[in-house]
Amino acid sequence: VRTSRVLVAAGLAAGVLASVGAAAAPAGPGPRYTAGADGAGDAYFPLAGNGGYDVTHYDLDIDYVPPVATVPPTPLSQIRGRLDGVATIDLVARQDLDRFNLDLRGMTVSGLAINGKRATGIEPPADGVEVEGAAYWQVQDDANRRWELTVQPRPKLKAGQPARVVVTYGGETSRPTDIEGALYGWVTTRDGAMVVSEPEGSMTWYPVNDHQRDKASYSFEITVPAGKTAVANGLPAGEPVTADGETTWSWEAPDQQASYLTTASVGDFVRRPVTTSASGVPILDFVDAKITGNALANTNTNLALQARMIDFFESRFGPYPFNSYGSIVDNDSVGYALETQTRPVYSGQASQGTVAHELAHQWLGNAVSPDTWQHIWLNEGWATYASWLWAEENGGTTAQQAFASWYAPARTAAYWALPIGDPGPLGLFATQVYNRGAGTLHALRVKVGDQAFFAATREWLETYDDSTGTTDDFIAVFEEESGQDLSAFFHTWLFAPEKPTTW
Ligand code: ARG
Ligand code: ZN
């Protein structure tokens with residue numbers, strides 16, 4: 001589903017087209033079938049996501065076999081798992097579609113049906129060459145990071161028309177990397193998989209419109225060797241079912257969710273007892289059985305704080321936005337934690353600051369996502385600032401002290417030169433995006449006052465809930481709420497290539 005604003009616009013457009021179509025001939029043009037775009041329109045990742053349709057729901061039925069242990073152990077770079085999936089994708093055409101794309105990387109499609117009609121798998125046709133009948137083809141161009149699955153529906157789809165696409169696919173899994181070289185996507189581990197896909201790594205494990213502009217709900221059925229645990233987003237749909245040496249774990253994630261926030265991590269996990277926030281949010285945690293000693297003690301202490309953290313963030317940000325929460329702590333590492341929706345994934349152990357950070361992302365990043373990746377500071381600045389607020393609430397350093405210890409030290413010109421409001425695709429997770437982002441929010445709070453700051457924050461979260469927003473949208477909400485012109489402030493803090501000295 002597109003963001004609500006776009007949905008309204010698209011609905012109007014579809015309505016207009018429908019009424020034109022219904023008028024007596026020859027009142028207007030008939031359908032004009034074209035190809036959906038091969039990207040969602042994000043300058044940082046031009047081929048992430050696609051145009052021409054909105055997904056409403058993904059149903060992912062995945063069989064996964066982790067690597068077989070060998071003596072001596074295979075190097076991590078060479079371990080392989082096996083993934084076989086059937087993805088049932090419900091979508092609505094947003095233009096008259098001759099063909100459209102999904103994103104899929106490193107997996108081979110063996111069958112595809114659209115609205116129950118089987119399509120033929122073919123080699124990519126040369127430009128301008130007409131293809132007969134329902135068909136699909138794949139481009140897997142690693143050198144140019146171009147991974148597209150094209151679907152040619154027959155009959156063609158009219159704007160507003162719903163369609164169900166069933167894709168049967170599979171392949172060996174490895175350890176994919178993003179443009180920076182960081183592990184992401186379906187990261188094969190010795191005992192399972194860590195699945196963390198920011199910004200566009202979901203295409204490594206299912207066919208997807210891989211951009212947050214097209215959020216959708218999800219269902220999962222993940223089948224793994226008996227004894228393994230598979231944890232996805234949302235709540236279990238019944239107990240796991242074991243037969244013939246395999247266990248199927250079913251999960252339901254009914255809330256709107258960006259593709260980078262899906263997970264279906266697999267490992268030797270132990271469930272912690274379920275707790276709830278004061279407001280009744282169930283908290284389901286899974287900790288790798290191999291985590292022991294201090295790492296386990298710290299992890300347990302910090303996960304036990306999640307209920308109180310939800311209570312605290314609800315008092316600042318409004319109701320928790322989803323049906324459940326809880327963490328996956330894997331003994332393996334991708335080098336970072338990710339705020340996967342309702343169920344963050346941690347590498348090795350969960351520190352208190354990181355637990356607060358990933359929880360705050362559920363409001364700031366997940367319920368309201370950056371409209372394009374340029375606006376990443378809205379995620380990372382906010383989650384970092386929220387961890388400052390939590391530290392203060394829990395009797396640690398105050399937000400003012402955290403701001404001062406970030407702001408006071410001398411730093412290089414290169415540090416201050418990065419415009420966090422437009423950090424570039426290689427700067428998405430630069431430290432400046434996190435701590436200058438948090439500093440920006442604290443300076444903003446000092447400038448407009450606590451009352452306007454928290455009122456505007458709630459307004460931002462309510463207005464863009466289940467959707468996406470830009471930095472300009474954010475500024476507009478704060479200007480409206482504070483009655484101040486904030487353009488110079490935000491220019492200085494987000495874009496000036498030097499240390500901000502005014503606020
Ligand atoms: N969003 C994650 C966090 O806030 C960080 C993701 C880092 N991703 C990466 N590919 N380096 O903790
Ligand atoms: Zn973060």
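Which residues does the UniProt annotation "domain: Peptidase M1 membrane alanine aminopeptidase" cover? Some friendly notes follow.

1. This is a predicted model, in which local features need pLDDT of at least 70 and side-chain atom pairs count only at pLDDT 80 or more, while totals for chains, interfaces and linings use all residues. Residues are numbered from 1 along each chain as its sequence is written, and chains are lettered from A and ligands numbered from 1 in the order in which they are written.

2. The annotation, from an unreviewed UniProt entry, covers residues 341-493; such annotations may be inferred rather than shown by experiment. That span is 59% helix and 6% strand, and its end C-alpha atoms lie 29 Å apart. Helices (H or I, at least four residues) and strands (E, at least two) are DSSP runs, numbered from the N terminus.

3. Strand β9 (residues 162-173) pairs with β3 (residues 81-93) in the antiparallel sense over twelve bridges. β9 also pairs with β5 (residues 108-114), again antiparallel, over six bridges. Pairing here requires at least two DSSP bridges between the strands. Gly170 in β9 is the bridge partner of Asp84 and also of Thr108.

4. Ala386 is in contact (C-beta atoms, placed from the backbone, within 7 Å) with Phe313, Ala356, His357, Ala360 and Leu364, leaving aside neighbours within four places in sequence.

5. Around ligand 1 (C-beta atom, placed from the backbone, within 6 Å) are residues including Asp178, Glu198, Glu339 and Glu380. The shell divides into seven nonpolar, no polar and four charged residues, with Asp, Glu, Lys and Arg counted as charged, Ala, Val, Leu, Ile, Met, Phe, Trp, Tyr, Cys and Pro as nonpolar, and the others, Gly among them, as polar.

Notes: Contact = placed C-beta atoms within 7 Å.
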